[in-house]
Every structure is written in C-alpha cells, then in structure tokens.
Amino acid sequence: MGFGMLGLAGLFADEGLLAAPSAGDRAVNAMAPRPSHFAPKAKRVLWLFINGGPSHVDTWDYKPELTRRHGQELEGFDKRTGFFSNEVGALLKSPFEFSPRGESGKLVSEIFPFLGEHVDRMAFIHSGKPGSNNHSPALFMMNSGQTRMGFPSLGSWVTYGLGSESKDLPGFVVMSDPKGRGLPKGSASNWSAGFLPGAYQGTWLRPTGPPIENLSAPSEMSDVQQRSQLDLIATLNSRDLERNPFEEELAARIESFELAYRMQSAAPEAVDVDSEPAHIQELYGLHSQHCGHMARQCIMARRLLERGVRFVQIYSGGMENQRAWDGHIDIRGNHTQFAGETDQPFAALLTDLDQRGMLDDTLVIWGGEFGRLPVAQVGTAKPGRDHNPHCFSAWMAGGGIKGGVSYGESDEIGFKPAVDPVSVHDLHATILHLLGMDHERLTYTYNGRSYRLTDVAGNVLSKIIA
C-alpha cells in the first residue's frame, strides 16, 4: 500500500536529503528547511542580547587613556550627545581592572572571570556604530536594521531564508530577562516578523512558570478528538487558501495550529532543564543564587538549539534603567551585578556547545544596542555613564568565526570608531554570510518594493571569518 515509501520519504526529509521545496511548498509549510545560497559555516544562531547598552570601555575595550585623563573635561564635547545633557561630567576611568587573558592576551575586565577564559574563541568588534542614542530605536536597529518598528527582525529573516530543522518546535525563540524585570523597550516588536509571513515571528518563552502558555492538551478532549478538530479546521482554512493563494497570514495560521499540536509533546521535553545531569547543572551555575535564573535560560537555549531550533535570542536586562545594563547611575554596581548574573552561564554555553561538537556550526553573538560615553554622568553619589550613539563593542564565537582576533578600533577614549567602522548592516551581512546567505539576495517583495535586512548597505567582515 505504499507505506514503506512513505516511511522512507519521512526519513529522507529528516536527514535533509529530499529536493529543495518549491515556492508553492513554502505556503504549505513555511518552516520547511531550505538550502542556503552557498555552503554555510554556521547552521544556527544564539544571540546573547545585552539589553540596556553595555559599556564597551568597562567590558572588552580597554582604554588606558581614560585612566590618564580621569577627571579632565573633554574639550569640545557636545553635551546633547547622550540622553541627559544636564548631567555631563568629566572623563571617567573604568572602575574595573583589566588583565590579559588567553594566548591572544586580550585585555578583559575583571567582571568576566569565566568568559575571559574563552577569548581565544572570540572575534571582537570594537568599532561598531549604533543607529540611535535612544533605547527603542537602537534596539529596533540592532534587531531589524531599521530604527523604527514594523520591519522583520534578524531571526525572522534567518528562518524565512533557511526554514527550521525542527518539525516540532518553533524556528525562532526569544527569552526575556527571567528576574521579573519586564521585556526590553519596544517589547515584541524586537522579534517581530514585520511584513514577512507571521510564521517567521519569534516565539517568546515566558521567563517564569510554564515557558509556553496554553500548551497542554484540553482535558475534556481525547487525542483523537483534538486531531479530528484540527483536521476540520485545516480543511476549512485550506479551502480559503485555494481561493486566496496569496493570503500568507492564512497559511501561517494553518501551520501555527499544527505546530502547536506537535509542540504539546515536544516542547515540555525540550525545556526540561532539571533533567540535565548534575555536572551540567553545576557547569552553568543552575543552583547559584546570583546566576541560577540565567543558567536556566542558557541550558534551555542549548537544548532548543540541539533539537533543531534555528535562532535563539536571550535578553539580559529588562525595561528600565537599573533593571538592565543601562548604567546611568553607579556604573560599577550596575555592571558588576549583570555581569555576575551572566558570566558563568554564558561561558558555560560556549564550553557545553564545544564539548557536544556544536560550537563549530553554532554562531554565538554577545552585544547590546549601543555603548556608553567615556565621560561621567553625574548628579548622584556614584557616577554612571550615558548612552553613546557613536560606538559599541560586540563579539562573536563559533560558527566559522576566527578566534582570538579584534576588528576595528575606537579612539583612545572609546568615544567614536577610529579604524574600520562597522555598521549594524555590516554586522547583519556577516551573520547571514556565515549562515550561507548572500544578504543582497535574501529579499522579500512588499508593497511593490524588494526589501532586505541590510537595506541598501552592508559589507561582510571577512577578516573575522575563519
């Protein structure tokens, strides 16, 4: 009766051995795996989003000139550069000690004792140019390549271009800060699919309680009854889709019902962090009072990536100033706290991915929406730093990245890029390239115009690619 061939086709599909899906197949299964433009170095992405604007000069971009000129006025500085023009002070040295780490001798802040062990895996970008000095536009820029909402996020573009390797889990998953600090500014617009079909929107996992709401099967229904209900809904929706073949939201809704049904059995196992062996829980610091909450997110992220999720984003920091890496007040206390929450779990992710053979094809990114100014923000007993709309630092590891290198330089006080400036479009173009996609060819036509993540810009940073 052909059951053998059906089984063989299913096995071939699982192994990615079937022919590439046609354009019509995309409407039926929006998340079906699709071939890249060329051989990829990475298969999946993990973005550790440092929400609030981490200070590059207090983390990865050592500036001894700030120590030498501490307390001096920055001549010619426009006090409107940051967000609080009435609270601009003199140049402020970093309150943290820096020391060389790894064979590369990278100078790293003392707040990263664990991550500092991995610098030889990392490629640092020290000449990043943010898109704004305001959180929401800068977050939108870093996530979607535009400073205004309504455009597809990077994770949505990636899953649109490549689909997902998992049939039973979302292709794009987002985790917000798990300490009850709220979502990042701009909320779900940061992982929106914009004008792409809704199937490519990020799936937000709740930071406390069950990660996904309404996932349990209805108690009053048997599995057979639920399956019959879904089949009826799919039949009715498919009839509408035949009459309206360009109604992509309808196709996305059909797929979302089916995915939710499959997730009822797959998702609880995928997010079962407590089933991890004791040595893995200890590696991440799962039972630590100061970082256990982030350790849980990180283990969950690894489990999702391991099961075929294409793009995972973890946010450290929530909505408001001191509840994120937004050190307007007491930069020392702010960054000490958030680095303490993330350092061990993030480092454990790199170790864990590597020992499972996954780091080679998993691209890990660390970075936020902008950097911070070299001058102090005053007005309180403990100085902070205001937003820097000119410069930020970030790093990437795994997934085809050349480790132990730095690209670009900021000026001697970390105010502006001085060598090889890197735009957000350059960063996005590089990420897509590592995934085997040409950023100029990954396009979507909307309202008569062909759009892409990098708009009309973007250059691949080939010097940091292995």
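Okay, quick definition before we start: when I say buried, I mean under 20% relative accessible area. And keep in mind that this is a predicted model.

Let's begin with strand 9, residues 362–367. Six of its six residues are buried, so the strand is largely enclosed by the rest of the structure. In a regular strand, side chains alternate between the two faces of the sheet. Here, Thr362, Val364 and Trp366 point one way, while Leu363, Ile365 and Gly367 point the other way, and all are buried.

So what does strand 9 pair with? Strand 1, residues 44–50, runs parallel to strand 9, and six bridges join them.

Next up, helix 5, residues 154–162. Buried or exposed? Nine of nine residues are buried, so this helix too is largely enclosed by the rest of the structure. The buried ones include Trp157 and Tyr160.

Last stop, a helix pair. Helix 9, residues 292–306, and helix 10, residues 331–355, have axes that come within 8 Å and cross at roughly 20°. That makes the two roughly parallel, and the crossing is right-handed. On the helix 9 side, the contact residues include Met294 and Arg302, and on the helix 10 side they include Phe346 and Asp352. The residues of that contact split into seven nonpolar, two polar and three charged.

Key
Residues are numbered from 1 along each chain as its sequence is written. This is a predicted model: local features need pLDDT of at least 70, side-chain atom pairs count only at pLDDT 80 or more; totals for chains, interfaces and linings use all residues. Side-chain values use heavy atoms; hydrogens and water are left out. Axes are lines fitted to C-alpha atoms, for helices over the stretch in contact, and angles run from 0 to 180 degrees between N-to-C directions. Helices (H or I, at least four residues) and strands (E, at least two) are DSSP runs, numbered from the N terminus. Angles under 35 degrees count as roughly parallel, over 145 as roughly antiparallel, 65 to 115 as roughly perpendicular and the rest as oblique. A crossing is left-handed if the near helix is turned anticlockwise from the far one by less than a right angle, and right-handed if clockwise. Contact means heavy atoms within 4.5 Å. Ala, Val, Leu, Ile, Met, Phe, Trp, Tyr, Cys and Pro count as nonpolar, Asp, Glu, Lys and Arg as charged, and the others, Gly among them, as polar. Buried means under 20% relative accessible area, exposed over 50%, partly exposed in between (1.4 Å probe, protein chains only). Two strands pair if DSSP finds at least two bridges between them.
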